[in-house]
Amino acid sequence: MFDIFNMLKKDEAKAVKQVTRETIIGDILDMDQSTAPYFMEIGMHCLGCPASRGESIEEACEVHGVNCDELLEKLNAHLASKKS
């Protein structure tokens, strides 16, 4: 029997996980919880609070005085290493 739901899950798993300045932190954590230490490293210790989970990477970096491009590079390298 044709199972569209499992087919979609397989395609989703193959999707390239790439984060940008506009990516919401909650979405990143939902995609891969092992990214949490990168946020903790920049001083985001309240990852479970609604405000932090709704912020974009760019907004969080502004608030915490962090170079956004450096954080994006770390996150994308981490996610790329996990897809293989």
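**View 1. Asn-76 counts as buried, at 14% relative accessibility.** Buried here means under 20% relative accessible area, exposed means over 50%, and partly exposed is anything in between (1.4 Å probe, protein chains only). This is a predicted model, where local features need pLDDT of at least 70, side-chain atom pairs count only at pLDDT 80 or more, and totals for chains, interfaces and linings use all residues. Residues are numbered from 1 along each chain as its sequence is written, and side-chain values use heavy atoms, with hydrogens and water left out. You'll find Asn-76 in helix 6. Leaving aside residues up to four places away in sequence, Asn-76 touches Lys-17, Gln-18 and Val-19; contact means heavy atoms within 4.5 Å.

**View 2. The whole protein has six helices and zero strands.** Helices (H or I, at least four residues) and strands (E, at least two) are DSSP runs, numbered from the N terminus. Going along the sequence, the pattern reads α-α-α-α-α-α. Of the protein's 84 residues, 31% count as buried. Take the contacts between residues at least 6 apart in sequence, and 60% of them join residues at least 24 apart.

**View 3. Helix 5 packs on helix 6 at an angle of about 130 degrees.** Helix 5 covers residues 57-64, helix 6 covers residues 68-82, and their axes sit 9 Å apart. The axes are lines fitted to C-alpha atoms, for helices over the stretch in contact, and angles run from 0 to 180 degrees between N-to-C directions. The two helices are therefore oblique to each other: angles under 35 degrees count as roughly parallel, over 145 as roughly antiparallel, 65 to 115 as roughly perpendicular, and the rest as oblique. On the helix 5 side, the contact is made by Ile-57, Glu-58 and Cys-61, and on the helix 6 side by Cys-68, Leu-71, Leu-72 and Leu-75. Sorted by type, these contact residues come out as six nonpolar, no polar and one charged. For that sorting, Ala, Val, Leu, Ile, Met, Phe, Trp, Tyr, Cys and Pro count as nonpolar, Asp, Glu, Lys and Arg as charged, and the others, Gly among them, as polar.

**View 4. Cys-61 is buried, with a relative accessible area of 2%.** The closest cysteine sulfur to that of Cys-61 belongs to Cys-68, 4.1 Å away and too far for a bond. A disulfide is a pair of cysteine sulfur atoms within 2.5 Å, and searching the whole structure turns up zero of them. As for Cys-49, that residue is partly exposed, at 26% relative accessible area.
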